Amino acid sequence: MTPPSTHPLNPILKGLLPNALEWLREMVGINSFTTNKAGVNRLGSLTAECFAQLGFTPEFVPSENPSHGNHLFLSYGNPDLKPIVLVTHLDTVFPAEEEAQNNFLWRDEPTQGRIYGPGTVDIKGGTALIWLMLRSLQLSRSHLFEQHRWLIAANASEEVIGAEFAHRTAERATTGAKAILVFEGGPREGNNFHLVTARKGRALYRIQAEGRAAHAGSAHAAGANAIVTLASAVQAAAQVTDYSRDLTVNVGCIGGGSVVNRVPQEAWADLEMRAFDPHVLQEGCRRIESLAGGPATPSEARLQVDCTGTSPAWPASSSALAMLEHWRGAAAALGVGIKNVSRGGLSDANYLCHLGPTLDGLGPSGANAHCSERTDDGSKVPEYVEPDSFVPKATLNLLALESLLSTSSPDRPSQLGA
Ligand SMILES: [Zn+2]
C-alpha cells in the first residue's frame, strides 16, 4: 500500500500547492456575498484567469435574478464529448459588512493547521483544489487530460439554491455528463475520507392563519385568535417529523398579532421539510397541506398552507455507488478509507444529478462553513480550511478519476467518421 505522502503524484502536487493556496488567498480576498453582484463578477474574472493558465475558455452567463452575478463556465477539450463536470460556486453567505464587523478575513494559522476566511472551505478551497488537480494532471498525465472534455461549472448563487444554474449547465452538456463532481468540502475522519452520494430534497411552506380581531377586554368571545389556531397547526406540522424515515420538519420562523389588548387576526409560520426519498417527501407534503381549512368553530381561525419552494432530492443511486467504487479502489491503493455519507444539506448535486453519475464532498477538509464569529474563549470559531488536506484529497481524486476514465466506455465525437 502506498500512503498518500509517498505516491509519485505527491511531489508534483506539493510543488503546486503554494500556487493553489495563493489563488485561494486572492479568491478569499474578494467579497462574493450572493447579492454582491460586482464582487461575484470580480471573483468570476479571477477564476477565469486562474484557469486560463491551463487553457480553459471562459463563458460568463448572466443570472436571471438581476441582483446576482454571472455564472461561470470554463471549458477545455472537444465540445462533442460528454464532459466531466467539476462543480463549484462563486458566492458566499457573508455580506461585506459582516466580514468587516467580525474582522473575518484570510488568516493563516500554521500551528493549528488551519486557514480561516470567508469561503475557505465553502467553496473557494474547492475551486483551488480543482485547479491543483487539473494542473497536475496536465503536467503528469497529459494524455488523460487531453483525451477528455472538462467543464468547470461555477454557480453565481448556490447559497440561495435554485434550478437555474442546473439548466445553464445542462445546456452545455446536452448529451449528459460523464461525471458530475461537486467540490463542496469533504471532512476526513482519521484515515477515512467522507464522500457524499445522496442529499435530501426540501419543500418550503408558509402557514397563514386568518382569524377575527376583537377587543381583548370587552369582546374577547367575538374574536377568533389566529395565533392560537396557528400554534395548533405548528404542533401538527412538527409531528410530521419521522426520524425513522429521515423525514424532518422544521418550523423556522413565526409571527403574528400586533398588540396585546387585541385578539390577533393574523399569524404566520414558515417551515421547511426534508427527506432523502422523494415519495416520503411527497407524503409529508400532503400531510402539511392537509392542515389547510377550517375554521371548525367560530373561535378558530382559517388556515391557508402555501408551498413556497421545492428542491429535488438527490436519492442514493446505483450510478453514484458505481462511481464511488473508483474512489474506494484509489483509497485502498493509498492505504486510506472512504466513508459514504448522505447529507441533509442541499448542494448543486440536488439539481445536477440527473445529468450523470454524481459524487459530492470532493473538496478539501475544513469546518464551520457559514460561521464568521470568533470569541476569545474559543466557543465560536469561524469557517476554515485545512491546507494539509489539499494534497491527499487531490491524490485520491486524481487516482479515482484515472481509474474511472480508463474503464468507462470511450465516447467518441458524434461527427467522427462522418
Ligand atoms: Zn454554503
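Helix α9 passes helix α11 in a right-handed crossing, where right-handed means the near helix is turned clockwise from the far one by less than a right angle, and left-handed means anticlockwise. The contact residues of this pair divide into ten nonpolar, four polar and no charged. Here Ala, Val, Leu, Ile, Met, Phe, Trp, Tyr, Cys and Pro count as nonpolar, Asp, Glu, Lys and Arg as charged, and the others, Gly among them, as polar.

A quick word on what you're looking at: this is a predicted model, where local features need pLDDT of at least 70 and side-chain atom pairs count only at pLDDT 80 or more, while totals for chains, interfaces and linings use all residues. Residues are numbered from 1 along each chain as its sequence is written.

Back to the helices. α9 covers residues 318–334 and α11 covers residues 390–407; they pack at an angle of about 125 degrees with their axes 8 Å apart. The axes are lines fitted to C-alpha atoms over the stretch in contact, and angles run from 0 to 180 degrees between N-to-C directions. The two are therefore oblique to each other, the label for whatever isn't under 35 degrees (roughly parallel), over 145 (roughly antiparallel) or 65 to 115 (roughly perpendicular). On the α9 side the contact includes M323, H326 and W327, and on the α11 side T395, L396 and L399 are among the partners; contact means C-beta atoms, placed from the backbone, within 7 Å.

Helices (H or I, at least four residues) and strands (E, at least two) are DSSP runs, numbered from the N terminus. Four of the strands make an open antiparallel sheet in the order β4-β5-β19-β18, with pairing called when DSSP finds at least two bridges. β4 (107–109) and β18 (366–367) sit at the edges with a single partner strand each, so one side of each has no neighbour in the sheet. Two bridges join β18 to β19 (residues 384–385), and G366 has V385 as its bridge partner.

Going by an automatic or database domain assignment, the chain splits into domain 1 (4–199 + 313–407) and domain 2 (201–311). Their contact takes eight residues from domain 1 and nine residues from domain 2. The C-alpha centres of the two domains lie 38 Å apart.

| Cis bond | Omega | Loop location |
|---|---|---|
| D122 and I123 | about 10 degrees | I123: between β5 (114–116) and α4 (124–140) |
| G294 and P295 | about 0 degrees | P295: between α8 (278–289) and β15 (302–311) |

Technical notes:
Contact = placed C-beta atoms within 7 Å.
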